[in-house]
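Open the model in your viewer and keep the selection panel at hand. The tour goes from the whole chain to single residues.

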Amino acid sequence: MFRIKIFISYILLVFTTTVVSAESYQRHTLRGYIRDSSSGEDLSGATVRIRELSTGTTTNRYGFYSISLPEGSYQLKISYIGYNTKYYDVELDSNKTIDFELKPEETLLDEVVITDEKADRWISEVRMSTTQLQMDMIKSLPSFMGEVDILKTLLLLPGVSWGTEGSTGFFVRGGGQDQNMVLLDEATVYNASHLMGFFSVFNPDAIKDLQLYKGGIPAQYGGRLSSVLDIRMKEGNNRDFSGSGGIGSISSRLTVEGPLQKNVSSFIVSGRRTYADLFLPLSADTNIRKNRLYFYDLNAKANYRFSDKDRIFVSGYFGRDVFRFDDIFGFEWGNTTTTMRWNHIFNSNIFSNFTLVYSNYDYNMSFADDLQSLDWISNIQDINFKGDFTWYPNPENTIRFGLHSSYHSIDPGHVKGNFDNSTQTDYKVPDNNVLQHALYASNEQQLSKNITVEYGLRYSLFQNIGKGTVYSLDDEYRVIDTTTYAAGEIFHNNHGLEPRISVVYQVDSRQSFKASYNRMRQYLHQATNSTTATPLDIWFPTSPNIEPQIADQVAVGYFRNFMDNMFESSLEVYYKNMENQIDFRDHAVLILNPRLESEIRTGKAWSYGLELMINKSKGDFTGWLSYTWSKTRRKIPAINNGKPYPAPHDRPHDISIVLSYDISDRLNIAANWVYNTGRPVTLPTGRFEYGGMILPVYSDRNAERLPDYHRLDLSATIYTRTRPDRNWQGKWNISVYNAYHRKNVFSYYFRQHDDNPYETQAYKIYMFGIVPAISYSFSF
């Protein structure tokens, strides 16, 4: 209760201070939307600058802007990355609503443009450790097997690392995979991978943009320790019908979009499917003919503008992986999300967004033959309501506040079996049902011409609700008692405050210093014993036996543009302290274990590092260099004899070089080179004989490392000639993954010598050699 009073007092203080500032003299409000002139899509992050006052504002994720100014005449400068700048003169003698449309720059080739924001905003923006990626840039890079992948592009950024080769799982500043919040149109995606992690679930043709927060995370986000990846789908062209698609080495895709009512509503539908299994029926082997192995994605979205003040959006994602071996074995998993949003403008200064979200992730495994059968299912479901508000009282302050409430239902596993046609089993691990709530408020305030600060506070509350059983554990993690709770009964609460603050000091138009601090609390955790997410990984909640994970992160950085903004550079240093970190005892049983909490060991972790980024985004030759030096350690009393040990994803050195060159209007070549330290592993260092058997002696936890990893990828994009009488554009992409055939070690395995039991042989496992691919993409 005391924390709630603090939170309310904080909100009142922010509001009172800002209102006094806002009402010190007469102002009028200019508001509206900024859109793409060709498609009508809202432009998020577009800038409105007031030349006379050297101030301005940016559009929110829905393209809305609002700024309150003293009465007078002004010239507005409206700009956005990749679009022609527009100037507009306005006489502000009353509140006015003005929408702007920007025309895309006339470029044929996809420029490689990465922005943490562009040009002067890179310097002046208060937020640090934040990266926004445009889809044109992502599509221009070399890709694995010709499949453009959003998540693999993130691995080329500083502070972002990966677990194993080919995996889309990512780790941010020492955090685990489950400590990343992945959102698609505000819906949580619990498993973002296809084909056991080799491809992500995000169809690039359906995605508008994405934003990654590694630090200085805004108060409206919570629930994960390390990062937030906020991905937004396209809204659909509300001017004309259009489409795009592609045919690749393993999959094809098609997107159709257009107006439902011109300039009022639009839709987009995008599908993708692999097709290797379509050729299996042609096999001469009758067993292979019955096999199935594919994945598919379907994205759909529609919106309708009722008035200048009201607009609704409905979007959904449906994706699934299917693997079947004859009629004997089957394995399926997939995500389903649905998002409904209502934008409402209460007055010229307050923008609101109300969101209702449904998210589901499930997997099913089955086995059957003439004598027995087994069916195993598991899932996690969310229902989430959000009310988010943005108040623009004056150019110096932007206040955001809101409330979130979620219901999570977790089914860890349910197995039904029939053995020998006589014995039946029906075993179910009890469900976990929880409620999660949050209140937040923040203010982005310009204190002077050179200093801007964003400060915020988030209050989160987590509640376990019945039906449920709680196991009491002794010091040896043995169950000594059980307590059962009735359905709907709240039997455990956990809550806390999460302060956030970021500040920028702008030295001049070319350089600035930034700093940030944020505290994050995580109440849902993932049970996994590997460095790669698998479909079988399960989620479990904070409970009377498991405390929420807590992280405090501090970061400072220096940002500089040079050579007339031709190059953008940044140097960031961070330190992150994490409490109640989760690991598992040796030989832990994680699957179908109703007493999973007895397998968990908790302690602390810490991570620190340096991140360097140099980016060139102008001209025919573009690209970036990123370097990360970092260390991540865990210390858990019940593991490794209480000694600190490297986290499974600890990679001290990580280098990425991305280059792109426009040879002509119709030809682009690109290359990526990556290098990182080999990941830590636990290996046998000796052996002993016991009871007539030769048994291994292992090193300390993660005391050894795999060999260092490096790889070169190449690509060439050839644009077909366009005819004036045809609205058709096409391009061929030829790519080579691992161009110099580096044999990167995926893992080791050990085998006793057939003739000499006292000799152990070690074998290296490699995943990929040279992988060429070709794809054709088109738009109309």
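How many positive and how many negative side chains does the protein chain have, and how far apart do the centres of the two sets lie? Select the charged side chains to see them. There are 79 positive and 87 negative ones. The centres of these two sets lie 3 Å apart. Keep in mind throughout that this is a predicted model.

**Whole chain**

Switch to a cartoon view. The protein chain carries five helices and 52 strands. Its radius of gyration is 27 Å, close to the 28 Å that the globule rule gives for 780 residues, so the chain is as compact as a globular protein of that length. The trace spans about 90 × 70 × 50 Å.

The accessible surface of the protein chain comes to about 32700 Å². Carbon and sulfur atoms hold 56% of that area. Of the 780 residues, 56% count as buried. Then look at the contacts with a separation of 6 or more: residues 24 or more positions apart account for 65% of them.

Select residues 64–70, which form strand E4. Six of its seven residues are buried, so strand E4 is largely enclosed by the rest of the structure.

**Ser502**

Move to residues 490–508, strand E33, and pick out Ser502 there. Is Ser502 buried or exposed? It is buried, because its relative accessible area is 3%, under the 20% cut-off. Show what surrounds it. Leaving aside residues up to four places away in sequence, Ser502 touches Val126, Gly216, Thr452, Val453, Glu454, Ala515 and Ser516.

**Asp240**

Now go to the loop between strand E18 (227–233) and strand E19 (242–247), where Asp240 sits. Asp240 counts as partly exposed, at 44% relative accessibility. Which residues does Asp240 touch, not counting those up to four places away in sequence? They are Glu257, Gly258, Pro259 and Lys262.

Finish with a distance. Select Asp240 together with Arg679 and draw a line from C-alpha to C-alpha. The two residues are 50 Å apart in space and 439 residues apart in sequence.

Methods: Residues are numbered from 1 along each chain as its sequence is written. This is a predicted model: local features need pLDDT of at least 70, side-chain atom pairs count only at pLDDT 80 or more; totals for chains, interfaces and linings use all residues. Side-chain values use heavy atoms; hydrogens and water are left out. Helices (H or I, at least four residues) and strands (E, at least two) are DSSP runs, numbered from the N terminus. The radius of gyration is taken over C-alpha atoms; the globule rule is 2.2 Å times the number of residues to the power 0.38. Buried means under 20% relative accessible area, exposed over 50%, partly exposed in between (1.4 Å probe, protein chains only). Contact means heavy atoms within 4.5 Å. Accessible areas come from the Shrake-Rupley method with a 1.4 Å probe; for residues, only the protein chains shown count as cover. Lys and Arg count as positive and Asp and Glu as negative; His and the chain ends are not counted. The place of a charge is taken as NZ of Lys, CZ of Arg, CG of Asp or CD of Glu.
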